[in-house]
Amino acid sequence: MNFLAHIYLSGDDDEITIGNFIADGIKGKRYLKYPPKIAKGILLHREIDSFTDSHPTVHKSTKRLHKNYSHYSGVIVDILYDHYLAKNWKKYSDQPLDEYVEEFYELLRNNFTILPARIQRMMPYMIADNWLLSYATVEGIGKILAQMNVRTKGVAKMNLAVVELEEYYEEFESEFTSFFDELIIHANQKLIEL
């Protein structure tokens with residue numbers, strides 16, 4: 001899953017949310033250097049990724065993209081699934097997406113010093129371009145995929161995946177919906193166990 005899903009699956013605890021958000025940059029046991037709830041968020045992120053990467057419905061989505069995008073298919077599906085979460089936000093939250101996103105950005109601003117350097121560098125761009133809210137539209141996802149493609153120096157051709165998004169829009173949405181319902185249950189259980 002991508003940023004929005006990880007944030008959402010953290011529940012209402014700010015420290016768990018921060019940990020879940022920064023987790024990709026925290027390797028091995030380095031999570032132990034963080035306060036307990038941030039460490040819990042990092043571990044939750046890893047659980048979410050593990051569940052996602054091994055799920056047959058996600059494999060179905062990535063298989064559809066594999067011919068054109070090879071090992072980048074998983075990254076693309078993570079981004080596409082965040083689109084469906086943002087698009088269908090009212091199904092998952094009573095709080096409007098724009099308010100939810102702004103509160104998250106404020107959380108990052110208020111906790112800037114604890115964020116890893118990579119996140120500190122990324123954060124101004126994320127907020128200025130309002131990445132999380134832009135996930136709700138196909139155009140916004142197109143921009144995100146183009147930015148990700150630049151990070152691969154154009155090798156991934158991820159910017160072209162909007163074609164498949166539009167061509168298989170209903171299929172991806174159906175797969176996301178069934179998968180995400182299971183992921184919510186899994187993440188909630190892990191929040192209790194961790």
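Visitor: What covers the buried residues of α3?

Guide: The cover includes α1, α2, α4 (56-69), α5 and α12. Cover here rests on contact, meaning heavy atoms within 4.5 Å. Helices are DSSP runs of H or I with at least four residues, numbered from the N terminus. The model is a predicted one, where local features need pLDDT of at least 70, side-chain atom pairs count only at pLDDT 80 or more, and totals for chains, interfaces and linings use all residues. Residues are numbered from 1 along each chain as its sequence is written, and side-chain values use heavy atoms, with hydrogens and water left out.

Visitor: Which residues of α3 are buried?

Guide: They are Ile38, Ala39, Gly41, Ile42, Leu44, His45, Ile48, Asp49, Phe51 and Thr52. Buried means under 20% relative accessible area, exposed means over 50%, and partly exposed is in between (1.4 Å probe, protein chains only).

Visitor: What span is expected for α3, and what does it reach?

Guide: The expected span is 1.5 Å times one less than the number of residues. With 18 residues, α3 is expected to span 26 Å, and it reaches 26 Å from its first C-alpha to its last.

Visitor: Where does α3 meet α12?

Guide: On the α3 side, the residues are Lys40, Leu44, Glu47, Ile48, Phe51 and Thr52. On the α12 side, they are Phe179, Glu182, Leu183, His186, Ala187, Lys190 and Leu191. By class, this contact has seven nonpolar, two polar and four charged residues. Ala, Val, Leu, Ile, Met, Phe, Trp, Tyr, Cys and Pro count as nonpolar; Asp, Glu, Lys and Arg count as charged; the others, Gly among them, count as polar.

Visitor: How do the axes of α3 and α12 cross?

Guide: The axes of α3 (residues 36-53) and α12 (residues 169-193) come within 10 Å and cross at roughly 145 degrees. Axes are lines fitted to C-alpha atoms, for helices over the stretch in contact, and angles run from 0 to 180 degrees between N-to-C directions.

Visitor: Why is Leu183 called buried?

Guide: Its relative accessible area is 0%, so Leu183 is buried. Leu183 is found in α12.

Visitor: Why is α5 described as largely enclosed?

Guide: 12 of its 15 residues are buried, so the rest of the structure largely encloses α5. Among the buried ones are Ile76, Tyr81, His83 and Tyr84. Helix α5 covers residues 73-87 and reaches 21 Å, close to the 21 Å expected.

Visitor: What makes α2 mostly covered?

Guide: Seven of its nine residues are buried. Ile16, Thr17, Ile18, Gly19, Asn20, Phe21 and Ile22 are the buried ones. They pack against α1, α3, α7 (97-110), α8 (117-128) and α12.

Visitor: Why does Thr17 count as buried?

Guide: Thr17 has 6% relative accessibility, so it counts as buried. Thr17 touches Ile7, Ser10, Gly11, Phe104 and Leu107, not counting residues up to four places away in sequence.

Visitor: How many aromatic pairs are there?

Guide: The count comes to 16 aromatic pairs. Rings of Phe, Tyr and Trp (its six-membered ring) pair if their centres lie within 6.5 Å; planes under 30 degrees apart count as stacked, over 60 as edge-to-face and the rest as tilted.

Visitor: What makes the pair of Tyr8 and Phe180 tilted?

Guide: The planes of Tyr8 and Phe180 are 35 degrees apart, and the centres are 6.0 Å apart, which makes this pair tilted. Tyr8 lies in α1 (residues 3-8) and Phe180 in α12, 172 residues apart. Phe180 has a relative accessible area of 0%, so it is buried.

Visitor: What makes the pair of Tyr92 and Phe180 edge-to-face?

Guide: The angle between the planes of Tyr92 and Phe180 is 90 degrees, at 5.2 Å centre to centre, and that pair is edge-to-face. Tyr92 is in α6 (residues 89-92), 88 residues from Phe180. Both Tyr92 and Phe180 are buried.

Visitor: Why is Ser70 called partly exposed?

Guide: Ser70 has a relative accessible area of 35%, so it is partly exposed.

Key:
Helix = DSSP H or I, 4+ residues; strand = E, 2+ residues; numbered from the N terminus.
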